[in-house]
Amino acid sequence: MRIDPARTPTAWLLAIATALVTIAFGLGAWNHGPIPSMETRFAMAVQQMLVHHQWLIPEKNGLPYIEYPPFYYWMSLLLAKAGLPVLPAIRLPNLLALWVWMATVLALSRRLLPQLPRWLLPVLALAAPAALYNFFIAQSDGWLCAGVALGLLGYLRSEEGKFPWMLWLGTALAVFSKGPVGLVLVGLAIAGDLILAAACGTSRWQELPRRVWRLAPLRGLVVALGPLAAWYLACGFVAGLGLFRARLLLLHST
């Protein structure tokens, strides 16, 4: 088998970095108690969902907890139902998010910074304090980061006349993980790129409406917000107005 020297450093460095992080993550998922304020909330919600056989609506102290969308809770619940203890079950979803995020950052680096070594940006991103915080404890910011990165990669790959599925599915993942902030982050990044391109002369200001329309924003918003809207609607049918009263009480108490 012939080895391409131009590709080998990237493949080996990323494989080694990913393997070491995965081993450290796997060991850490079992060997310490819940981190206060963040992981206790996820552990409590998953435990109560298991006890009450409640799959639709996360719970906290016996009340519906809808401050964040249910995507992370559902993944943790699936792992717990498969037999994992609660603490590893609420931490391992972020390991999957880390793999998705790393692969997306690698693809983004190839497009945005082709003059740099391909391994550099993913390895630096992996060692960044924000990555260690977002992915190594149970919280939904890891999947928010992965969804936003996928959305931006889809924006860069969008082609004339084709619906940019990766853009809007990545945005939907970010929204269903953390809420509308996912749409805001992707939208701000795209708006900044379009405005900067026009200001720098790589495109004309008159082309902005056409470039925005090429991204199919109306259909895209349906894809991005549809899952979250459907979940809220289902919660309303199941729990009624009490769910929204509970939400208001939680908002005022925090």
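Reader: Which helix is Ser 109 found in?
Author: Ser 109 sits in helix α4. Helices here are DSSP runs of H or I, at least four residues, numbered from the N terminus. The model is predicted: local features need pLDDT of at least 70, side-chain atom pairs count only at pLDDT 80 or more, and totals for chains, interfaces and linings use all residues. Residues are numbered from 1 along each chain as its sequence is written, and side-chain values use heavy atoms, leaving out hydrogens and water.

Reader: Is Ser 109 buried or exposed?
Author: Ser 109 is buried, because its relative accessible area is 4%. Buried means under 20%, exposed over 50%, partly exposed in between (1.4 Å probe, protein chains only).

Reader: What lies 2.6 Å from a polar atom of its side chain?
Author: The backbone oxygen of Leu 106.

Reader: New topic. Which residues touch the most other members in the largest nonpolar core?
Author: Phe 42, Ile 90, Leu 98, Trp 101 and Trp 143, out of 46 residues. Such a core is a set of buried Ala, Val, Leu, Ile, Met, Phe, Trp, Tyr and Cys residues joined through side-chain atoms within 4.5 Å.

Reader: Which helix gives the most to it?
Author: α4, with 13 residues. Another core lies apart from it, of 14 residues, including Tyr 155 and Val 186.

Reader: And how do α8 and α9 cross?
Author: At roughly 140°, with their axes within 7 Å. Axes are lines fitted to C-alpha atoms over the stretch in contact, and angles run from 0 to 180 degrees between N-to-C directions. Contact means heavy atoms within 4.5 Å.

Reader: Which residues of α9 make the contact?
Author: Val 181, Gly 182, Leu 183, Val 186 and Ile 190.

Definitions and conventions:
Helix = DSSP H or I, 4+ residues; strand = E, 2+ residues; numbered from the N terminus. Polar contact = N/O pair within 3.5 Å; in protein donor to acceptor, adjacent residues only side chain to side chain.
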